[in-house]
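Here is a short report on a protein model, written to be read alongside the structure. Have the viewer open and take a look as you go.

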Amino acid sequence: MPAPDGVLEAIGHTPLVALRRIVPPGSARVVLKLESANPTGSMKDRLARALVERAAASGRLPPGGTVVEYTAGTTGISLAFVCSALGFKAHCVFSDAFSDEKRAMMRAYGATVTDVPSGDGRISAALIRTMIATAAGISRRPGHWWADQLNNRDGEAGYHALGEELWAQSGGRVDAFVQAVSTAHSIRGTAHALRRHAPGVRVVAVEPAESAVLSGGPSGAHGIEGIGIGFIPPLWQPQAVDEIVAVSTDEARAMARRLAREEAIFAGPSTGANVVGALRIAARLGPGATVATLVVDSGLRYASTDVFAGA
C-alpha cells in the first residue's frame, strides 16, 4: 500500500484478530477489531475526524476555531489529535472520574482541559450532565464550536468504514456484533454497514450493570470509563439492536486483565465489557458462528488506575 498522505489517513484499516484461549469449548468464534491500532490508540479517531471535517466543511467550525466537547477522555484525545492535524484548537471538559493518562494526552495534543470534580471518583448521570452544561457554556465564546457528540448525527458516519472493514476482514462471516454504548454512534454506524451485507446480523448492546438504563433499570454510578452515561442517549435507537446485556464493573475490569495475560491484548475496561458480552453470545450461538466486537482503546490509558493494580 502507498504511504498515507498525512496522519489522518492512518485512521482505520485496523487488524482483526480471533481470541485463542479464553473462549470456552463449544462456543462460537470470537473476533476483535483492534481499534487500539488507530493513531491515538482508540476507535474515537474515526468519530473525531467525521465531526471536525464535516463541521469545517459546513462552516459551523470557522478557520482556526476551537472545538469544544465534554469527554471521558477518549473522544477528547481524538478531537485534540484531529484539531492538531487540521489547524484547529480543542477545549475539553473532563473529570477526575477518568484516568490521568487521558488528561495528559489531551494536553499533549495542545488541548485546553477544564476539570469538573466528581466528588467520589465514580461516573454518574449527574457528573455527565454537569460536564455537558460546562461544555455548552464554553462553546458560547466567539470562534468556538460545540461538537455535542450526544446530539450530533455526523458521528455515526465515522463508523461506517469500520463495519465495512469488519465484514471484509472476517470473510463475510459475522453472525453477531457486540458493542458497549455511550453515545450510540459506534454501534449504530458499524451495525448499519454490517446489515447492508447481511440483514440478519444480530446486534447486541452492552451497558454497565450498575447503571442499566437501556434495559429499563435505574441510573447508578459505575467504573467502566467511556460507556454508560446514566441516561438514555438522545441518538439511541432501541429498535436497531436485538438485545442488551449488562456487565458489571468488576466483570469488565477482570476481563481486561485476562485479555492482557491470556491473549496479549492490552485494552481498557470497556473492551473488557465488550468481551464479556461477546462470550455470552458466543456460548449461545455455538460452533460455526462468528461473534465480532471491538477493542475500544489501549490499556495504556488505564495504567495508573486500579484496573491493572496488582496485575
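## Salt bridges between the domains

Four salt bridges turn up across the interface of domain 1 and domain 2, a salt bridge being a side-chain nitrogen of Lys or Arg within 4 Å of a carboxyl oxygen of Asp or Glu. R46 forms a salt bridge with E165, with 3.0 Å between the closest N and O atoms.

This is a predicted model, in which local features need pLDDT of at least 70 and side-chain atom pairs count only at pLDDT 80 or more, while totals for chains, interfaces and linings use all residues. Residues are numbered from 1 along each chain as its sequence is written, and side-chain values use heavy atoms, leaving out hydrogens and water.

## The two domains

The domain assignment (automatic or from a database) gives domain 1 as 7-38 + 155-302 and domain 2 as 43-146. Their C-alpha centres lie 23 Å apart. In contact (heavy atoms within 4.5 Å) are 38 residues of domain 1 and 31 residues of domain 2.

## Helix α2

Let's turn to a helix, meaning a DSSP run of H or I with at least four residues; strands are runs of E with at least two, and both are numbered from the N terminus. Helix α2 covers residues 74-86, and its 13 residues should span 18 Å at 1.5 Å a residue, which agrees with the 19 Å between its end C-alpha atoms. The expected span is 1.5 Å times one less than the number of residues.

Because 10 of its 13 residues are buried, α2 is largely enclosed by the rest of the structure. Buried means under 20% relative accessible area, with a 1.4 Å probe and protein chains only. The cover over these buried residues includes α1 (44-58), β3 (66-70), β4 (89-95) and α3 (100-108).

Terms used:
Buried < 20%, exposed > 50% of the residue type's maximum accessible area, 1.4 Å probe, protein only.
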